[in-house]
Amino acid sequence: MIDRANDPSVEFLVGVAGRLDFLCTEVPVLKVADLSAELAGCQFGDVRLTKRARKLADVFSQKPNISIPAALQSKADIEACYRFFNNEKVTPKKILQPHIEQTYQRIRQIDFVLLVQDTTELDLTRPEQQVKGAGPMDSESRRGLFYHPLVAFDVAGVALGIVGEQSWAREEVSKAPKAEKNKKRKQTPIEEKESYRWIEGLRCAERTAAACLETTCVCVGDSESDIYDVFAAALQSDQANLQLLVRAGQNRNTTEQQDWADQVRKTAKIGDQTVSIRGRQAKIGAGKSARSRAREGRIAELEIRKATIELCRPVHGDRRLPATITVNVVLCEEVNPPDGEDAISWMLVTTLPIETDEDVQRIISAYCVRWQIEVFFRTLKSGCRIERRRFENLDRVLNCLAFYSVVAWRLMYVCYLGRECPEIDCEVIFEPSEWKSVYTILDIEFPAEGCPSLNELVRAIARLGGFIDRPKNHPGTQTLWVGLQRSYDLSNAWNTFGPGSKKILSRRLV
């Protein structure tokens, strides 16, 4: 199976009912310059730690991709920063809690939100001294941790914030034969498996739904979250506004004694979907799965089917789980792939309704947003360079990770807000000195009245980071984070030496 969540080359061009109006939403906005206000409610039991947290938030947001010493410069500030991350009163939960509350506020402003969960690995391998507490990744030679956030997006893909996260390090890598691993896995309760993270993520989505009762909250996961226990937990939840959307990745039997995919294939086609598939090179050493094989780019025609089916509990499933559960399924499948190419097949399992074509298209469009969490991971690693932060202990890394996860969210927020709300005034987000300094350095004429639109300024800032401004292009997070760092330097120079600055006026008076 191939999905856009793991393959950005799958692009939906036309839908069952076309692009729907609900993709254009009212997106909540905030002052970018006031990111410290996002963390103002941190409760560390010491007001000095809260002040330090707000100061670090401002500095890290302005210079996300350079080292901590380079960002802070002052020796006293550098030492204070490392003392902060090493303080026993400081924890990732305390750092993120005010941001989570602010995210709830943004979620309450819309009626449909996607809570996307996924896992990424953070490689902390060092050539000499290893990070204390870091565990093995796929081998003992690579050391690090696993990070599993739950990030809120609207249907247009605008990141609204982080509502929860989990992180852990493995104690060891099993060297047992594959058959022995499979046998042990089947005998181990899910609470003792790493896959329990998907249920924990669903519980976090449930808490979010309880805090945002007027919003439909959809917990979204990729094929790794195709777990019977997850389906059962979602269906047994008392939270009426909580829904589940998962891409199928397992073979499962139905009460009609057939595989669930085969049962859906027997239903009538309800529509067609055109997707653009980009070509790719085979991945070296990635096995023989469909996702790792080379393929030619093409336009594929998919047939869409839907069904409500009753699943049987797995043979080795927990007997405390219900013997059967009922779920809705949407199948998008290519029926005539080119010779030698794998057919595109995408089966989505959900508790959302599928009665109308609009319901089905909403499910497909909603799952497309899952890809945005991959953008979040890329922003966190490449933009904020979290894997390059130098700490001796894992606890300090986790505190730093909590900070930079908020910074990464903010970068994505600004990037996509410029696309989805292009006509709003840029001063809703940016300070006057920020847009004026950027326009001056790029030799762009100031507006006759007021300020530029948000889209115009975001594109201008991205130009500072290498973005080539063409009508059909949109800036990405990479050019934006480089451009934002330059824009903050320009803004500081504008405030210090530009028109109306106090230093310039005082010198003129002398």
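This is a predicted model: local features need pLDDT of at least 70, side-chain atom pairs count only at pLDDT 80 or more; totals for chains, interfaces and linings use all residues.
**Entry 1: strand E2**

I began with phenylalanine 112, and I found that its bridge partner in E7 is threonine 216.

I then followed the pairing of E2, taking two strands as paired if DSSP finds at least two bridges between them. E2 and strand E7 (residues 216-221) run parallel and are joined by five bridges, whereas E2 and strand E5 (residues 143-153) run antiparallel and are joined by four bridges. On the E5 side, I looked up leucine 114 and found phenylalanine 153 as its bridge partner.

Six of the six residues of strand E2 (residues 112-117) are buried, so the strand is largely enclosed by the rest of the structure. I saw that Phe112, Leu114 and Val116 point one way, while Val113, Leu115 and Gln117 point the other way.

**Entry 2: helix H14 and its neighbours**

I next looked at helix H12 (residues 394-420) and helix H14 (residues 454-464), which pack at an angle of about 130° with their axes 8 Å apart. Axes are lines fitted to C-alpha atoms, for helices over the stretch in contact, and angles run from 0 to 180 degrees between N-to-C directions. That makes H12 oblique to H14, because angles under 35 degrees count as roughly parallel, over 145 as roughly antiparallel, 65 to 115 as roughly perpendicular and the rest as oblique. Val414, Leu417 and Gly418 of H12 make the contact with Leu454, Asn455 and Val458 of H14, where contact means heavy atoms within 4.5 Å.

For H14 and helix H15 (residues 477-497), I found axes that come within 6 Å and cross at roughly 90°. The two helices are therefore roughly perpendicular to each other.

**Entry 3: alanine 460**

I finished with alanine 460, which lies in helix H14 and is buried, with a relative accessible area of 3%. Leaving aside its neighbours within four places in sequence, I found alanine 460 in contact with Val438, Tyr439, Leu442 and Ile444. The C-alpha atoms of alanine 460 and glycine 483 are separated by 8.5 Å, although these residues are 23 residues apart along the chain.

Note on methods: Residues are numbered from 1 along each chain as its sequence is written. Side-chain values use heavy atoms; hydrogens and water are left out. Buried means under 20% relative accessible area, exposed over 50%, partly exposed in between (1.4 Å probe, protein chains only).
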